[in-house]
Amino acid sequence: MTTVSQIEDAFQAIFGNADQVADETGFVQRRHPGKVTGTGFAVTQTLGLLVPGGGAMSDLAYFATHVGTHVSPQALDQRFGEATATFFMELLNIAFTQLVAADPVALPLLQRFSEV
């Protein structure tokens, strides 16, 4: 069973490391107040797409303002490239690590078997 605190910890691990991952992958090359950050972009792309009708770049740019990122739809669209793919791949690795670490329930079941 997943608790709210486990979900909060997972979000913190993913989005809390997004700025560092953005720097390491070259997604963000220089930081400016109010501009695109790793955290802002990750939150905008993951949570912004959950908003009904949130698939359009204009909707995502509007959503970004709610997380402190001021970016035009065109600038948001231009962000998609190889560095963005690498950035999200690294965040996905962090998310999978959180998922595996949060599911100890299956371990006793698997320990019954010597081989798979």
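The legends below describe close-up views of a predicted model, for which local features require pLDDT of at least 70, side-chain atom pairs count only at pLDDT 80 or more, and totals for chains, interfaces and linings use all residues. Residues are numbered from 1 along each chain as its sequence is written, and side-chain values use heavy atoms, with hydrogens and water left out.

**Figure 1. Overall architecture of the chain.** The chain has 7 helices and 0 strands, where helices (H or I, at least four residues) and strands (E, at least two) are DSSP runs numbered from the N terminus. Along the sequence the pattern reads α-α-α-α-α-α-α. Of the 116 residues, 27% are buried; buried denotes under 20% relative accessible area, exposed over 50%, and partly exposed the range in between (1.4 Å probe, protein chains only). The accessible surface comes to about 7,900 Å², and carbon and sulfur atoms account for 60% of it; areas come from the Shrake-Rupley method with a 1.4 Å probe, and for residues only the protein chains shown count as cover. Among contacts (heavy atoms within 4.5 Å) between residues at least 6 apart in sequence, 56% join residues at least 24 apart.

**Figure 2. The largest nonpolar core.** A nonpolar core is a set of buried Ala, Val, Leu, Ile, Met, Phe, Trp, Tyr and Cys residues joined through side-chain atoms within 4.5 Å. The largest one holds 21 residues, of which F27, F41, A42, L76, F87, L91 and I94 touch the most other members. Two or more residues each come from α1 (4-16), α2 (18-25), α3 (38-47), α4 (57-66) and α6 (82-101), and α4 gives the most, with 4 residues. In soluble globular proteins, nonpolar side chains tend to be buried together.

Figure 3. Leaving aside neighbours within four places in sequence, F87 is in contact with A18, V21, A22, T25, F27, G38, F41 and A42. L91 is located in helix α6 and is buried, with a relative accessible area of 5%. Residues up to four places away not being counted, L91 touches I14, A18, V21 and A42. The C-alpha atoms of L91 and F15 are 8.1 Å apart, although the two residues are separated by 76 residues in sequence.

**Figure 4. Helix α3 and the setting of T44.** Helix α3 is largely enclosed by the rest of the structure, because 7 of its 10 residues are buried. These are G38, G40, F41, A42, V43, T44 and Q45. T44, which belongs to this helix, has a relative accessible area of 1% and is therefore buried. A polar atom of the T44 side chain lies 2.7 Å from the backbone oxygen of G40. Excluding neighbours within four places in sequence, T44 contacts L49, L60, F63, A64 and V67.

**Figure 5. A nonpolar surface patch.** I7, F11, L47 and L50 make a nonpolar surface patch of about 370 Å². Patches consist of residues with over 30% relative accessible area and no salt bridge, like charges being joined within 9 Å and nonpolar side chains (Val, Leu, Ile, Met, Phe, Trp, Tyr) within 5 Å; a salt bridge is a side-chain nitrogen of Lys or Arg within 4 Å of a carboxyl oxygen of Asp or Glu. I7 lies in helix α1 and is partly exposed, with a relative accessible area of 40%.

**Figure 6. G26 and T84.** G26 is found in the loop between α2 and α3 and is partly exposed, at 27% relative accessibility. A distance of 8.5 Å separates the C-alpha atoms of G26 and T84, which are 58 residues apart along the chain.

Conventions:
A polar contact is a pair of N or O atoms within 3.5 Å; within protein, one must be able to donate a hydrogen and the other to accept it, and residues adjacent in sequence count only if both atoms are side-chain atoms.
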